Structure formats: C-alpha cells, structure tokens
Amino acid sequence: MDYLNEIQKQAVNEYNNGLIVSASPGTGKTKTLVARANKKLTNLPKHKKLALITYTNAAADEIASRLDYKENDVFVGTIHRFCLEYILRPFSWIYKWDKPKIASYSDFKEFLEINKLSTIQLEDLNKIKKNLDGSLIIPTEWLHKIPFEELSRIYYDFLKERKLIDFNEILFRSYIIISKNLFTAKSVSNIFMEISVDEFQDTNIFQYEILKKIKNNGKTSFFIVGDEKQKIYSFAGALNETFTIAKKDFGYEILDLNYTYRSTEKIVTGYSKLFSDHPILINSSKYKDIPFDIRFHQTKKDDNNLYIKQIIDSLIKAKAQVGNIAILTTSWFDAYNIGSYLREYFNIIGLGALPHSNISNTVFAILKTLSRYSVDSSIRNLKIIKRNIELLILEKNIDFNDVKEIVFATNKLISQFQKININTGLKESLLQYQNIISLIFKIDVPEVDEILTIVNDDEASNWNFKKYIETLSGINGITINTIHQAKGLEYDFVILNGINENRIPYQRCVDHIKYIYEELTDDSIQNGRTLLYVGMSRAKIGLFILHNWKPSMFINQIKL
Ligand SMILES: Nc1ncnc2c1ncn2[C@@H]1O[C@H](COP(=O)(O)OP(=O)(O)OP(=O)(O)O)[C@@H](O)[C@H]1O
C-alpha cells in the first residue's frame with residue numbers, strides 16, 4: 001500500500017471504530033475510501049458485509065469497479081438504493097405497505113391527464129417533499145393556480161390508489177421505519193461491519209438521520225468522507241455543517257488529508273483564494289510546477305463558441321488528449337448549445353453532446369452502460385450493466401431474484417442490443433431498445449417515452465444509433481457537462497464557461513424585460529462560491545475561465 005501517504009494509510013488501517021475524513025479537492029478521499037474497503041474485504045467476518053454509499057449511480061459504478069470483491073460481500077450504491085434494499089423492502093410489512101414500486105414517467109403523465117393539470121410540469125411534482133415529521137415542505141416558489149397542499153393531497157391519493165410510491169418517499173418511509181422500530185436499525189447494523197459514505201457534504205436530513213439510527217443501534221462502524229467546501233446540492237436539501245454535527249453525534253475524530261495530488265500550484269492557489277479560511281495544502285502533484293497560468297477571458301455572446309473552439313485547437317496542437325479536455329458549464333442549456341456547435345469539429349461526449357437534457361432513470365442508465373460496453377466490451381463494463389439491471393429489478397419490484405436469471409437476462413439484453421442496426425435513426429432505435437427491455441423483463445418501459453419527449457427533433461434527424469451510442473458511451477471525446485455532473489472527476493484541461501455575474505452566484509431573473517435579478521443572500525453567495533470551487537478544482541494542468549457578460553464577483557478574488 002505504498003502508494004498511499006502516511007495520513008491516508010492511517011485512515012485506511014487505523015480508527016476501526018470509525019472516522020470522518022474532511023479534506024480538500026484532490027487529496028485522495030475517494031482513493032482512501034476504496035483502499036479502506038479493499039483492506040476490510042480481505043478479512044471480512046462471515047455473514048458480514050460492507051456498504052459504500054455514493055451520491056450518484058455513476059459514482060457507484062466507478063467505485064465498484066475499483067473494488068476486489070465477491071458478489072455478496074459489498075453493497076455499493078446510492079442511499080436510495082440502500083434504503084430500498086435493506087429497509088423498505090424487508091420491513092414494509094410493519095405498516096402493511098405493499099412492496100415498494102416507484103412511480104414512473106407514465107404514472108406522472110397519467111396523473112396530470114386525469115386531473116387536467118396541463119400547466120403543471122413534472123419538475124413541479126418533484127417539489128412535493130416531506131419533512132422528517134411528515135409535514136410538507138412548502139416550496140419557496142409555487143406559481144400554479146391550484147394550491148400546493150391540494151395538489152399534494154390528490155397526488156398522494158393517486159399514488160396510494162395505484163400502490164405506488166414517489167421516488168422522494170423512499171427516504172421518508174425508510175426513516176419512519178427505522179426511527180419508530182429500532183429493531184430494524186439493529187437488524188441493518190447486524191448485516192454491515194462498516195458503512196462508508198462518500199461526498200458527505202451533500203447529505204440530506206433523511207440520509208443523516210437514517211445513518212445515525214443505524215450507528216446508535218448496533219456495532220457498525222462508519223467511514224465518512226467529504227469536503228464541506230464542495231457542497232453544491234444545497235438546493236436539494238444538503239445540510240449545513242454536517243461534519244461538525246456528525247463528529248458529535250457519531251463520536252468520531254475528523255482527520256484532514258493535507259497533501260493534494262491533482263493540480264498545478266497555480267490552480268491550487270487559484271481555487272484556495274475563494275475561501276478566506278482555506279487550509280494550506282501541500283502540493284504533491286506531479287503537475288505541481290507546470291507554469292500554466294489560469295487564463296481568464298471575456299467573450300461576446302456570439303463568439304463564445306468560436307473562442308472555445310480556438311482554445312481546443314491550441315490544446316490539441318500542443319498534444320493534449322481529447323479525452324482529457326472538459327468544458328464545464330453552469331447550465332445544461334449552455335452545455336447543449338456549445339455541444340451543438342463543437343460537434344462539427346470534434347468528437348464530443350458528455351451530457352452537452354446529446355440531443356436531449358439529462359435524464360436520471362434506470363432504463364437510461366442501462367442504455368448508457370450498454371453503449372459503453374458496445375464501445376469497450378471489458379469485464380468492468382459488463383459488471384456495470386449487471387449492477388444497473390439489479391437496480392431496475394429492485395425499483396420495478398420485478399419478480400426476478402435468482403442470480404442465474406439475472407445473468408441470463410444480462411446476456412440476452414446485450415445480444416439483442418447489439419442486433420439493433422447501427423444505421424437506424426435515433427428515435428426508431430430507441431423504440432427498439434424499449435421493446436427489448438419490455439420483452440426481457442416483462443414490464444412497461446415509459447422511461448423511453450420520457451427520453452423521446454425531451455429529444456430535440458431538429459437535432460435528432462441528424463442522429464443515427466451509432467452516433468448516439470458512441471456519444472452515450474462517454475469514451476473518447478471532449479467532455480461537455482455541467483459542473484454539477486463533473487463532481488468528483490478530473491481532467492487535464494478544464495474550460496469553465498459562463499462564469500458570469502447573475503450566474504455565479506445564481507440570481508433568478510424576476511423581470512426579463514428590464515432584466516431585474518433577485519437580491520443576493522449569504523446563502524446564494526456561498527452556493528456560487530462552492531460551485532466555482534468544484535469546477536476549478538477539476539483541472540490538473542490548465543484552467544480557462546470564460547465569461548460572456550460581466551464577470552462573476554469571484555473572478556477578481558481569484559485574480560488577486
Ligand atoms: N498518495 C497518492 N499518491 C499519488 N496520487 C494520489 C495519491 N492520493 C491520491 N492521488 C491522486 O490524486 C487524484 C485525486 O484523488 P481522489 O479523486 O481520490 O481525490 P478526492 O479527495 O476524492 O477529490 P475530490 O474532492 O475532488 O473528489 C487522483 O488522480 C488520485 O489517483
């Protein structure tokens with residue numbers, strides 16, 4: 001284990017009762033988390049497991065592929081999946097709830113149609129969330145004629161009638177089960193020797209309370225890692241000061257990792273300036289001394305894309321690898337706009353390269369992993385397909401638990417997928433994919449309809465299946481993504497786009513005619529700062545910061 005530094009080694013080998021690691025970008029938090037799990041796996045007691053809880057399914061795939069494990073020894077996945085598998089499914093009987101089946105796109109659409117709610121968007125249904133005590137969290141903004149409480153009531157009635165649950169309810173119901181029936185917390189604790197949590201700064205109240213109950217009712221140790229300064233999901237309920245609270249509640253020490261390995265000194269100095277209390281990092285990166293200044297540039301709206309192209313041309317001329325260049329934006333729309341332009345010149349990947357916005361459902365995740373496997377048929381990618389299929393089975397409550405059956409379905413899915421003619425148009429090939437999933441798993445697949453609804457028709461006419469698979473695979477091309485999607489990742493060169501006033505920190509435009517923006521608050525300033533911090537700290541060698549309007553207030557601070 002000589003590739004870990006002394007403090008990382010301590011975090012891996014000591015603190016068997018549990019530990020919190022709170023450390024800056026590039027200090028090897030994820031690397032340490034994986035190393036600790038691999039170590040624990042070498043002498044895992046019989047009938048015990050490890051759990052590694054990640055923020056996204058993509059991060060889970062990445063971490064799972066770096067572990068040496070036997071099928072049944074480890075759980076790797078999001079908190080939602082963890083709760084479904086270990087709390088909601090096994091213990092729903094306590095409240096005589098049906099086995100959880102998550103409401104899907106077609107259910108939402110049906111709900112809106114039945115109730116003639118044509119003006120309400122799906123995202124607005126997503127605003128129906130509960131507090132710990134079951135009361136509703138009233139959104140700060142609700143512009144519909146139908147009052148929020150009334151919509152919530154008819155929505156929950158609809159779900160109940162159909163024996164469905166909303167995705168947001170996974171955590172709420174799990175919390176109810178585990179907090180009111182302590183034997184369930186004990187039983188979960190009995191399964192796991194240790195639970196690791198990555199990206200802890202973005203933990204919400206349910207996740208936090210569920211983990212705390214498990215901790216307080218058994219012997220499970222916790223290994224918690226993250227960085228308070230990288231909290232970018234406040235809007236989704238991430239708690240403040242989670243590390244300090246957890247230190248007290250879990251009774252653990254907080255360990256810092258002082259050495260950073262990712263970026264040049266110029267980049268480390270640049271992002272450190274965003275916080276007056278930033279810790280001093282010892283830069284041990286192999287790129288440390290590369291004298292590449294952070295470049296700032298004001299573009300005009302209509303030459304922004306051209307300017308990005310010129311940066312990329314110069315990087316390629318200087319022998320940068322395209323797979324190591326990323327353009328990160330503050331909104332999907334910007335990513336899409338840049339992607340549509342650059343596609344003519346380069347091979348591009350990432351969310352901004354697709355003819356539709358982000359979609360986060362399991363059917364789409366399987367499509368992505370199948371595409372990846374088509375381009376690179378490694379065992380690693382095969383495993384990822386299987387993991388995603390298991391998630392589908394869980395979410396849809398498919399009666400399909402035998403391991404052999406899952407392997408059979410995986411093989412069948414791959415072979416059928418590879419039979420789709422690569423020259424078929426995008427929409428038709430998506431329908432073929434829908435058909436394949438539907439036949440193999442004997443389910444309706446409205447998730448594909450969801451993709452089809454958000455596909456940009458003008459664009460889609462230029463896409464065949466081959467191009468879509470190659471882009472979806474995420475292999476070999478310039479990445480265009482939002483900063484949020486790039487969390488935890490790293491690239492040699494990063495171009496941050498749209499670091500404008502009103503965008504970072506974000507201020508909603510309340511009057512488009514006069515361009516009046518919402519007032520800034522301490523919270524919105526802090527959210528802007530953390531987002532820029534995450535964006536900047538993705539870069540290893542070169543960082544370009546562009547603004548096509550007045551610069552963000554933070555640009556001067558970095559330049560000083
Ligand atoms: N001891 C080490 N020796 C050499 N390289 C290291 C060491 N520790 C970490 N690294 C490298 O530093 C980079 C960042 O590691 P990692 O992604 O684990 O950091 P992180 O703390 O999780 O970052 P972030 O907070 O940005 O997600 C990786 O390329 C990793 O391989």
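**Helix packing and selected residues**

Guide: The crossing of H4 and H9 is right-handed. Please bear in mind that this is a predicted model.

Visitor: At what angle do H4 and H9 pack, and how far apart are their axes?

Guide: Helix H4, residues 79–91, packs against helix H9, residues 182–191, at an angle of about 130°, and their axes are 11 Å apart. H4 is therefore oblique to H9.

Visitor: Which residues make the contact between H4 and H9?

Guide: H4 contributes Phe-82, Tyr-86, Ile-87 and Phe-91. From H9 come Phe-183, Thr-184, Ser-187, Val-188 and Ile-191.

Visitor: And by class, how many nonpolar, polar and charged residues does the contact of H4 with H9 have?

Guide: Seven are nonpolar, two are polar, and no charged residues take part in the contact of H4 with H9.

Visitor: What about H15 and H17, at what angle do they pack?

Guide: The angle between H15 and helix H17 (residues 403–419) is about 75°, with their axes 11 Å apart. H15 is therefore roughly perpendicular to H17. On the H15 side the contact is made by Ile-366, Leu-367, Leu-370, Ser-371, Tyr-373 and Ser-374. On the H17 side the residues are Leu-413, Ile-414, Phe-417 and Gln-418. By class, this contact of H15 with H17 has seven nonpolar, three polar and no charged residues.

Visitor: Staying with H15, is Thr-369 buried or exposed?

Guide: Thr-369, which is found in helix H15 (residues 362–375), has 8% relative accessibility and so counts as buried. Leaving aside neighbours within four places in sequence, Thr-369 is in contact with Asp-61, Ile-384, Ile-385 and Asn-388.

Visitor: A change of topic. Where does UniProt place the feature "binding site"?

Guide: The UniProt record, an unreviewed entry, places that feature at Ala-23, Ser-24, Pro-25, Gly-26, Thr-27, Gly-28, Lys-29 and Thr-30.

Visitor: Let us take Ser-24 from that list. Where is its place?

Guide: Ser-24 is in the loop between strand E1 (18–22) and helix H2 (29–42). Its relative accessible area is 3%, so Ser-24 is buried.

Visitor: What is Ser-24 in contact with?

Guide: Setting aside neighbours within four places in sequence, one finds Lys-29, Asp-227, Gln-230, His-278, Pro-279, Leu-281 and Tyr-533 in contact with Ser-24.

Visitor: And Thr-27, which residues does it touch?

Guide: Not counting residues up to four places away in sequence, Thr-27 touches Gln-8, Leu-257, Tyr-259, Thr-260, Tyr-261 and Leu-281. Thr-27 is also found in the loop between E1 and H2. With 0% relative accessibility, Thr-27 counts as buried.

Visitor: Now for Thr-242. Where is it, and is it buried or exposed?

Guide: Thr-242 is in helix H11, residues 242–251. At 0% relative accessibility, Thr-242 counts as buried. Its contacts, again not counting residues up to four places away in sequence, are Phe-200, Gln-201, Thr-203 and Glu-228.

Visitor: How far is Thr-242 from Ile-20?

Guide: Their C-alpha atoms are separated by 11 Å, while Thr-242 and Ile-20 are 222 residues apart along the chain.

Visitor: I would also like to hear about the backbone. What is the phi of Tyr-15?

Guide: Tyr-15 has a positive phi of about 50°, although it is not a glycine. Tyr-15 is in the loop between helix H1 (6–13) and E1, and its relative accessible area of 21% makes it partly exposed.

Visitor: What about Glu-199? Is it buried or exposed?

Guide: Glu-199 is buried, with a relative accessible area of 15%; the cut-off for buried is under 20%. Glu-199 has a positive phi of about 55° although it is not a glycine, and it is found in the loop between strand E6 (192–197) and helix H10 (205–216).

Visitor: Is the peptide bond from Ile-504 to Pro-505 cis or trans?

Guide: That bond, from Ile-504 to Pro-505, is cis, with omega near -5°. Pro-505 is found in the loop between strand E15 (491–496) and strand E16 (509–511).

Visitor: Lastly, where does Asp-523 lie?

Guide: Asp-523 lies in helix H22, residues 522–536. At 55% relative accessibility, Asp-523 counts as exposed. Asp-523 and Ser-234 are 9.0 Å apart in space, C-alpha to C-alpha, and 289 residues apart in sequence.

Definitions and conventions:
Residues are numbered from 1 along each chain as its sequence is written. This is a predicted model: local features need pLDDT of at least 70, side-chain atom pairs count only at pLDDT 80 or more; totals for chains, interfaces and linings use all residues. Side-chain values use heavy atoms; hydrogens and water are left out. Axes are lines fitted to C-alpha atoms, for helices over the stretch in contact, and angles run from 0 to 180 degrees between N-to-C directions. Helices (H or I, at least four residues) and strands (E, at least two) are DSSP runs, numbered from the N terminus. Angles under 35 degrees count as roughly parallel, over 145 as roughly antiparallel, 65 to 115 as roughly perpendicular and the rest as oblique. A crossing is left-handed if the near helix is turned anticlockwise from the far one by less than a right angle, and right-handed if clockwise. Contact means heavy atoms within 4.5 Å. Ala, Val, Leu, Ile, Met, Phe, Trp, Tyr, Cys and Pro count as nonpolar, Asp, Glu, Lys and Arg as charged, and the others, Gly among them, as polar. UniProt positions are given in the numbering used here, feature names are shortened, and annotations may be inferred rather than shown by experiment. Buried means under 20% relative accessible area, exposed over 50%, partly exposed in between (1.4 Å probe, protein chains only).
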